[in-house]
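Keep the 3D view open and follow along as we go.

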Amino acid sequence: MTPYAVSTRTPASSVALTLGIALVVVLYVAPLFASRGLIQDLFFILTMLTLAQFWNLLAGYGGLVSVGQQAFVGIGAYALFGGVILGAMDPVAAILLSGVAALVLAIPTAFFAFRLQGAYFAIGTWVIAEVARLSIAQWKALGGGTGTSLPREAMREMMLTDWIGTVFDVRASAARDILAYWLALTLAVATIAGIYWLLRTKRGLALAAVRDNMEAAKSVGVDASRMKWVVFLTSAFGTGVAGGVIYLQKARISPDAAFSVTDWTAYVIFIVVIGGIGTIEGPILGVLAFFLLQSLLSDYGSWYLMILGLIGIVVMLFAPRGLWGLISDRTGLQLFPIRRRLTGGKIED
Amino acid sequence: MIWVDTLVQGILLGGLYALFAAGLSLVFGIMRLVNLAHGDLIVLGAYLILVVVSATGMNPIFAAAVAAPVMFAIGWTLQKVVLNRTLGEDILPPLLVTFGLSIVLQNALLEGFSADSQRIGFGALETASVPLGPVTVGVLPLMTFGTAVLTILVLNQIFYRTAIGRAFRATSDDATTASLMGIRPARVFATATGLAMVVVTIAALYLGTRANFDPSIGPARLIYAFEAVIIGGLGSLWGTLAGGIIIGVAQTLGAAINPEWQILAGHLAFLIVLLVRPRGLFPRGKD
Amino acid sequence: MSALLETKGLTAHYGDFQALFGVDIRLERGETVAIIGANGAGKTTLMRSLSGVLSNDPDMIHNDGAAVGALGADTIMKRGIAMVPEGRKLFPSLSVEENLIIGGQHKGGRDMGDRIDGLIARITGGDDPSALTGHHDGTGYWTLDTIYELFPILRERRNNPGTALSGGQQQMVAIGRALMSNPDVLLCDEISLGLAPVVIKDIYAALPKIKESGASVIVVEQDIGQALKVADRVYCMMEGRVTLTGRPEEISRDAIHEAYFGAAA
């Protein structure tokens, strides 16, 4: 008889890991053969995926339903612009500032918002995002309410752009897109790997316990409030970095755009909900579905948003575990297994 | 003198915010549901009144009386068909469904009425004013405040003096036991949301007559309403009025210093109250 | 002749756990039936099924010949089957008097909401969920005044919050609340649980008056002595099955002991 062993690995997850690594390699070398348009589309997908993974970590695993994540995208983006315009930093290096700024904003945000429960937490985060937007709009050095652009010299002298331009034989603007794309890809891969790692640690298991049953988790000694802080700050940092990368590529910022609840929270929630909340696979599937819908429908303006809203409502009511829930129910597939399973031998009942 | 004037204007503005908040507070009190589309439903109500006014030329108050039963029916159906399915231990479904509804409503209104600003004409009332002690106040803001007080009085009467109010409280306490009393919780919830939509219609009347509105302003109204509810303490309608007044006064004071600071000042007042009194000014026993 | 209330092969499940395995009980008009059994025997599950809190197959429960097993608690109540739930379950936001009033507030007939539901059902071709209500009009002996006569202490405390009362007084409110609909059937789940003997005596003293008003009664009791004293017939349950039935005078202590704890005990 084979001895029992505790493992989180499934056959599907081993295949997924291999395919995943292959996919990431292909994505890294994509600028060799992909058009500039495709690179821009991939950039959009990867940054939205990153935002979705962090929102999913918050809401799906941490039970913290925030509708104020635009605060961290906005503050991250503005920190990058501030570092470049006021501090003459290299834009790529300034991305680190994005994460730090988001983290700094997240501490008072959590302090206030954690005083509110459930749905009120959601609106509380929204209020703080509004406060951040209105405050930033008062910052005249960064363009006030109308916003500003990254200086041309800073963009021209940005690290690696010359090298990329030479290697790929493209113009400076295309080289910047490739650089931004690589940054977004690195961020997305690091996000998924990092969240997967976090969820598989003892702390991550505690997180699942807190989500499933706060009282029970407390009784076995899980410090729920500390977990909330960890999750909230991690998400804020990651969301801030994503905000920096997004606006490095856009190179133009305004408070209304950088703190947009539709772009950085509504879309992100939609992605997680239709993909499947509380799973790592869900946001990946969700961002693809979202991109598809956007390509098909975005010409229809308000109809497009109405349809997105309706799809979100219908999925939440009738398939609350999203597309990935439907797939894994049918097939039992798990690409990022978190549950520890007993393998070897046979379990009799 | 200008400060007294600012203070009075702020208090009267608070009446408007209390009207925004009363429906939110009612629904939360009965079924622990926070409707993220609340602000957009107020805007929907304003468009409904606008349509009735433009179609018939009737006084906006009568138009609101026409719109109110329609809004009741919308709320009743929304609760019965959609929102009742989302109630339960998990807070995600109601939040995400009402967030989706907010997006749908905003864009449906955008499609139907365009992004242009609208206003419901109220004739001479729009500019009429009366002296009130040392200051002069607009008749419309004064009416708004009076309506807010009256609305809260009536809601409290309904809540504590009528059969449906008893059913509201009993169902809120314990829906299963309420069903043993012949009460159908799903229907009580639908009635509560219908009633909240009547209050929303009243709020919409003043939203639409006091200033311009367009399809995108709902979420900001939701936020003011939410702040008023939290400041007042969950479950207390008079507290909600006090919360509305605090937001209103903070906004007018902020605007008096620098017009760009109006909204920010309101939010900051909310955060300060949250810091000092996390459970609001007039908290009730539970929650 | 159909019984007032009857279960036929009643089963009940909580998820994968089966709590009742084909229970047959019968309540005739004018009877008082006691259900006894140890903790976990399925008594409360039976009461939850009878009161409509748990949904079953329609044919598993019959009331006056109608199959009512699938009806919801509110419809069951409007048919004249009222429940005093385990743990009393008073509404904390309501005063004593309001707790009583609400018991009789929705007691019978088709109200506005029923008509709307019926209309929707006709349009969509579904079953009208309220079609089986209406025969019980909820009028009768019990009013606020007669409840206060039955339990005079409640009149004194009428404006207190229901939950500010002692356990025994709360139980009186719960019984009064159920009586306010003038039910044909009164289901009492563990009404003596956690109360002092003298208080239990006071509460059971109300039973003759309740029967006189025309209600038939099912009591679930852990106190076998009390059950044998008040019941016309007794059902003993064990592990989700009825293990003994009979009139109190016909059944021996040993038989009860065996039905209660199993043969090997």
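Before looking at who pairs with whom, one convention: two strands count as paired if DSSP finds at least two bridges between them. Keep in mind too that this is a predicted model.

How many residues lie between strand 11 and strand 12 of chain C in their hairpin? There are two residues between them, and E239(C), in the turn, has a positive phi of about 45°.

Chain C has another sheet worth a look. This one is open, with four strands of chain C in the order 4-1-6-7 and antiparallel pairing. Strand 4 (26–27) and strand 7 of chain C are at the edges with a single partner strand each, so one side of each has no neighbour in the sheet. Strand 4 of chain C pairs with strand 1 (residues 5–7) of chain C in the antiparallel sense, over two bridges. In that pair, L5(C) has L27(C) of strand 4 of chain C as its bridge partner.

While you're at this sheet, check the loop between strand 6 (61–63) and strand 7 (66–67) of chain C, where you'll find D64(C). D64(C) is not a glycine, yet its phi is positive, near 55°. Is D64(C) buried, exposed or partly exposed? D64(C) is partly exposed, because 17 other C-beta atoms lie within 10 Å.

D169(A) lies in the loop between helix 7 (161–168) and helix 8 (172–200) of chain A. Phi of D169(A) is positive as well, near 55°, in a residue other than glycine. D169(A) counts as exposed, because it has 9 other C-beta atoms within 10 Å.

Now zoom out to whole chains. Chain C has eleven helices and twelve strands. Its C-alpha trace spans about 55 × 50 × 35 Å along the principal axes. For 265 residues, a compact globule would have a radius of gyration near 18 Å, and chain C agrees, with 18 Å. Of those 265 residues of chain C, 46% count as buried. Among contacts in chain C with a separation of 6 or more, 68% are between residues 24 or more positions apart.

Chain A comes to 16 helices and four strands. Along its principal axes, the C-alpha trace of chain A spans about 70 × 50 × 40 Å. With 349 residues, a compact globule would come in near 20 Å for the radius of gyration; chain A has 21 Å, which agrees. In chain A, 44% of the 349 residues count as buried. Of the chain A contacts between residues at least 6 apart in sequence, 76% join residues at least 24 apart.

Next, the interfaces. Between chain A and chain B, 34 residues of chain A are in contact with 31 residues of chain B. On the chain A side, the elements giving two or more residues are helix 5 (118–136), helix 13 (261–275) and helix 15 (302–318) of chain A. By class, that side of chain A has 26 nonpolar, six polar and two charged residues.

The contact of chain C with chain B takes 23 residues from chain C and 16 residues from chain B. Helix 2 (73–78) and helix 3 (96–105) of chain C are the elements that give two or more residues to the chain C side. Helix 3 of chain C has the largest share, five residues. That side of chain C divides into ten nonpolar, eight polar and five charged residues.

Finish inside. The largest nonpolar core has 277 residues, and I49(B) and L187(C) touch the most other members. Helix 8 (residues 185–210) of chain B gives the most to this core, with 17 residues. Leaving out residues up to four places away in sequence, I49(B) touches several residues, among them P60(B), I120(B) and L205(B).

How values were computed:
Residues numbered from 1 in each chain as written. Chains lettered and ligands numbered in written order. Predicted model: local features only at pLDDT ≥ 70, side-chain atom pairs only at ≥ 80, totals over all residues. Contact = placed C-beta atoms within 7 Å. Nonpolar A, V, L, I, M, F, W, Y, C, P; charged D, E, K, R; others polar. Rg over C-alpha atoms; globule rule 2.2 N^0.38 Å. Buried ≥ 20, exposed ≤ 12 C-beta atoms within 10 Å, placed from the backbone. Core = buried A, V, L, I, M, F, W, Y, C linked by C-beta atoms within 7 Å.
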